[in-house]
Amino acid sequence: MSAEPQIELIGIDKYYGSFHALKDINLTIPKGQFVALVGPSGCGKSTLLRSLAGLENISGGTMKIAGALMNGVPPRKRDVAMVFQSYALYPHMTVEQNLTYSLRLKGVPKEEMRRATEEVARTIGLDNLLHRYPRELSGGQRQRVAMGRAIIRHPKAFLFDEPLSNLDAALRVHMRKEIRALHDRLGATSVYVTHDQIEAMTMADHVVVMRDGVIEQQGSPLDLYDRPATRFVAGFIGSPAMNFIPARIGPDGASTVFDRPDIRSLPIGKKLDPGREVIVGLRPEHIAVGAADGAGMTLKVAVVESTGSLTYLTTEEPLQLTIVMTGRTELAPGDAVQVSVPSAHVHIFDAETERAL
Amino acid sequence: MTRTYTPWFLLAVALGLAAIYLFPVYWMYVTSVKSGSEIFSNPPTFWPADPNIGVFGDVWARRAMPTYLWNSVVIAGGVTAITVVLGTGCAYVLARYRNVWIDIGLFCVLMLQVLPASVMVTPLFVGFNQIGLLNYPRTAVVLAAAAKAMPFFVVLVRATFMSVPRELEESALVDGNSRVGAFFSIVLPLARNGILVCAILTFMSAFGEYIYSKSIIQSPVLQPASVGLSGFLGPNSTDWNSIMAYSAIYVTPILAIFVILQRRIVAGLTSGALK
């Protein structure tokens, strides 16, 4: 992977009237990287993608694709390909015509066009569907045509706008791998918008978490998982979501004290100002269940959900926690369990700024 | 119980109303081939005793119908052409942009529909007279009638454009087309059915246009068939079967077009352009 930047965003701002949709976005995407933009709906991730495509005009900042300034450049001159959530296949054209639309606009010679079509059709497995119309295809096939239409152009960047959200769960998992494999094979630069953090985590080299038009954090998927910069990122990445408990740093500065006397204090593995108001974050999969070294606390089980390979426990007062255990358990609602968390897996966030400490 | 009967009852009412509306058409055809005395016989006969088909050829020649019908076609064709070319662009803009000016524009367009032709004809006549348009009376009528037909066309075609997903256009833009190119290669083909249907309806209503033609066109050589028909109705006119024969010749082509295209028209009006 070369480090030369394919897409550069410097201080991007976008206003819709008085609404500030994108606030000072800075993002550099090296050539060949797969970047996922992830966040809840309305966070600006689609707006950012559409700005990259040229479908929205940015209000401020600098946008470069392959070194060329893109501010105000119309979409057709940007040489990027976009896969839409609804696929946006042209209903009055056959699969072949859909695939070759961009080539026909460029005036590519017939022979070359035929070769490109065959190659792409083979790549995405549509050889025998070329003369069908989009309405005669299944959801998965339409998705492939949309991909093919992007691939055939060999664009400077691929932009994906939640391309898998209209597929059923099984197909989605399958297409996830396929898109990633395609990306690697083509050596393409891809920007992928999704609201599904699993998609972002599994597919991307680099994940950008957005909220309210701001980049909350960016980094490799495991980086975000291990070292979330804010409480929002911590809650957004990982499934089931992280448990959050308000607390205060104890007098020794190395453990937390909870407001309730019936919850034992928790060592945090670092030194902080005593008395500081914090939020403790515990990932469900990091909470160990069973008679521990005595540093744990005893909680009562409220709900037990088994999936076969994993078991989800929910505890009740004094502390409601979601816990993921591998394997199965004999525990039943009402039972008491000993839980403990290794101090390396305790996340501490400032109560006020919600930033990681 | 009532549940199962209600649709049948409503269907019966609908058919009854349709019959009331369509009976005159039937009566027109029947009367046209009746003899003078049979027309006034009491009780009336519902099927002519001695059909006289010759009346059609007679009226066709005697009333110079080819000239009148040609004028109708010219006027209707002109109205349709202007309405389709201008109205399609207008409808597209009204469908794709949303702001206060668009709302004002749409309101003005709908206002045109509210004003009846009989109210508009006098100011139009005066205006056309001032700029000398009355020397080209058919052109004047085409302009006036196109203005009248425009709102209906724009509102219906706008709905058709709105049913074309925006993403298709955006996809075409990213694929390398210009705004105008995307309109012609993506949006227009998809809206074609709706536009065609509205064009046919516009043509048919312009084919029967009367008020503007009657007031603006003086020369019989330039008048459309609707005005020609009214020439029959003098104070002493009793030539009912000729009048009915004239009407039948006038109406039959429109009816035929409608029957042939009926399926498409209904589909185009109810379902939008896609699918």
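The confidence of the predictor in each residue is expressed as pLDDT, on a scale from 0 to 100. The structure described here is a predicted model, in which local features require pLDDT of at least 70 and side-chain atom pairs count only at pLDDT 80 or more, whereas totals for chains, interfaces and linings use all residues. Residues are numbered from 1 along each chain as its sequence is written, and chains are lettered from A and ligands numbered from 1 in the order in which they are written.

For the complex, the predictor gives an ipTM of 0.84 and a pTM of 0.81. Chain B has a mean pLDDT of 85, with 93% of its residues at 70 or more. Among the elements of this chain (helices, H or I, of at least four residues and strands, E, of at least two, taken as DSSP runs and numbered from the N terminus), the lowest mean pLDDT, 79, belongs to helix H2 (residues 36-39) of chain B, and the highest, 93, to H8(B). Over residues 271-275 of chain B, pLDDT stays under 50. The model has 15 contacts beyond four places in sequence for residues 271-275 of chain B, a contact being a pair of residues whose C-beta atoms, placed from the backbone, lie within 7 Å. Where pLDDT is low, the predicted coordinates should not be read in detail.

Helix H8 (residues 166-174) of chain B is largely enclosed by the rest of the structure, because seven of its nine residues are buried. A residue is termed buried if 20 or more other C-beta atoms, placed from the backbone, lie within 10 Å of its own, exposed if 12 or fewer do, and partly exposed in between. The buried residues of H8(B) are Leu168(B), Glu169(B), Glu170(B), Ser171(B), Ala172(B), Leu173(B) and Val174(B). Their cover includes helix H1 (45-53) and strand E6 (80-83) of chain A, together with helix H9 (179-207) of chain B. Just after H8(B), Gly176(B) adopts a positive phi of about 115°.

Positive phi values also occur in residues other than glycine. Ala88(A), with phi near 50°, is located in the loop between E6 and helix H2 (95-106) of chain A; it counts as buried because it has 26 C-beta neighbours inside 10 Å. Ala64(B) has phi near 55° and lies in the loop between helix H3 (54-62) and helix H4 (65-96) of chain B. With 13 C-beta neighbours inside 10 Å, Ala64(B) counts as partly exposed.

A cis peptide bond links Ser239(A) to Pro240(A), with omega near -5°. Pro240(A) is placed in the loop between helix H8 (231-236) and strand E11 (243-249) of chain A.

Terms used:
Two residues are in contact if their C-beta atoms, placed from the backbone, lie within 7 Å.
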